[in-house]
Amino acid sequence: MSQDFSIIQLVLHASWVVQAVMLILLCGSVASWAAIFSKYFGLKKVRASNEKFEQDFWSGANLNTLYAQAAQKSDSGPMERIFVAGLREYQKLRERRVTDTSALLDGARRAMRASMQREMDGVESNLSFLATVGSVSPYIGLFGTVWGIMHAFTGLASMQQVTLATVAPGIAEALVATAIGLFAAIPAVIAYNRFARDIDRVANAVETFIEEFSNILQRNISGQQAPAQTR
């Protein structure tokens, strides 16, 4: 008599522990895919907003005009908010009659670094969750497999004659847990590696912008101090 070895039947006939493991893995897989799509579109928006701001920044527009426009935006990108934080601190120090070049630059750079840290924390959100799913899911699936095989062999202990037909269903049910664990882990690992590389690129671009903007501020300070010294 043939037995039904479809995935659905194997799941339905598995022990409750193995079914619980499968349910946990399926929930983790669904959550990881939601995080993957959310992170993909989030990073795409971050890159687009940063590129747009860099185009405006290097187009020769006035810094005060860019600052006024960026400060009023509600959907500004990370690089734009870092620029606002740095120029705001720079202007505050100038209003306090701070004339030391190093103090002005250090204040603006510290403000941009602090803003960058906040922005990168937001960009990296859900990344640790993908790493957790990718690293833990195979072990959870393996636990379900070991438990299912143990349960299958325990049920066979009372039988006088054991054949492959009697062993196969229990082992097949147990192996489904490992398959679901890999199904949850592989996309999470691939997405984590891809997003980690993209986030590193965003961080490098922001780091470069901070240094370039600091150089622009330094040239502005030197240009303003030169006429004062000639007088």
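**A walk through the interior**

Three nonpolar residues, no polar ones and three charged ones make up the lining of the largest cavity; here Ala, Val, Leu, Ile, Met, Phe, Trp, Tyr, Cys and Pro count as nonpolar, Asp, Glu, Lys and Arg as charged, and the others, Gly among them, as polar. The lining residues are Y40, L43, R47, R194, F195 and D198. Helix 2 and helix 7 are the elements that give two or more residues to this lining. The volume of the largest cavity is about 40 Å³, and the structure holds one cavity of 30 Å³ or more. A cavity is a set of points on a 1 Å grid over the protein atoms alone where a 1.4 Å probe fits but cannot get out, and lining residues have an atom within 4 Å of a point. Points are joined across faces, edges and corners, and a volume is the space filled by probe spheres set on them.

The model is predicted: local features need pLDDT of at least 70, side-chain atom pairs count only at pLDDT 80 or more, and totals for chains, interfaces and linings use all residues. Residues are numbered from 1 along each chain as its sequence is written, and side-chain values use heavy atoms, with hydrogens and water left out. Helices are DSSP runs (H or I, at least four residues), numbered from the N terminus.

Next comes the packing of nonpolar side chains. The largest nonpolar core has 40 residues, and F57, F83, L87 and F213 have the most contacts inside it. Such a core is a set of buried Ala, Val, Leu, Ile, Met, Phe, Trp, Tyr and Cys residues joined through side-chain atoms within 4.5 Å; buried means under 20% relative accessible area, exposed over 50%, and partly exposed in between (1.4 Å probe, protein chains only). Helix 2, helix 3 (63–72), helix 4, helix 5, helix 6 and helix 7 each give two or more residues to this core. Helix 7 supplies the largest share, 13 residues. A second, separate core of seven residues includes V18, M22, L25 and I180.

What does F57 touch, leaving aside its neighbours within four places in sequence? F57 is in contact (heavy atoms within 4.5 Å) with L63, L66, F83, F209, F213 and I216.

The structure holds twelve aromatic pairs. Rings of Phe, Tyr and Trp (its six-membered ring) pair if their centres lie within 6.5 Å; planes under 30 degrees apart count as stacked, over 60 as edge-to-face and the rest as tilted. The F53 and F83 rings have centres 5.3 Å apart and planes at 50°, so this pair is tilted. F53 belongs to helix 2 (residues 16–57) and F83 to helix 4 (residues 78–95), 30 residues apart. F53 is buried at 3% relative accessibility, and F83 is buried at 0%.

F57 and F213 form an edge-to-face pair, with 5.8 Å between centres and 80° between planes. F57 lies in helix 2 and F213 in helix 7, so the pair ties together parts 156 residues apart in sequence. F57 and F213 are both buried. One aromatic cluster takes in F53, F57, W58, F83, F209 and F213.

S214 also lies in helix 7 (residues 164–230). S214 is buried, with a relative accessible area of 2%. Apart from neighbours within four places in sequence, S214 is in contact with L105, R109 and M112.

The last stop is a loop. N126 sits between helix 5 (101–123) and helix 6 (127–156). N126 is partly exposed at 38% relative accessible area. Its phi is near 75°, a positive value in a residue other than glycine. Most residues other than glycine have a negative phi.

Definitions and conventions. 1 Å grid on protein atoms, 1.4 Å probe; cavity = no way out; pocket = protein on both sides within 12 Å on 5 of 7 lines; lining within 4 Å.
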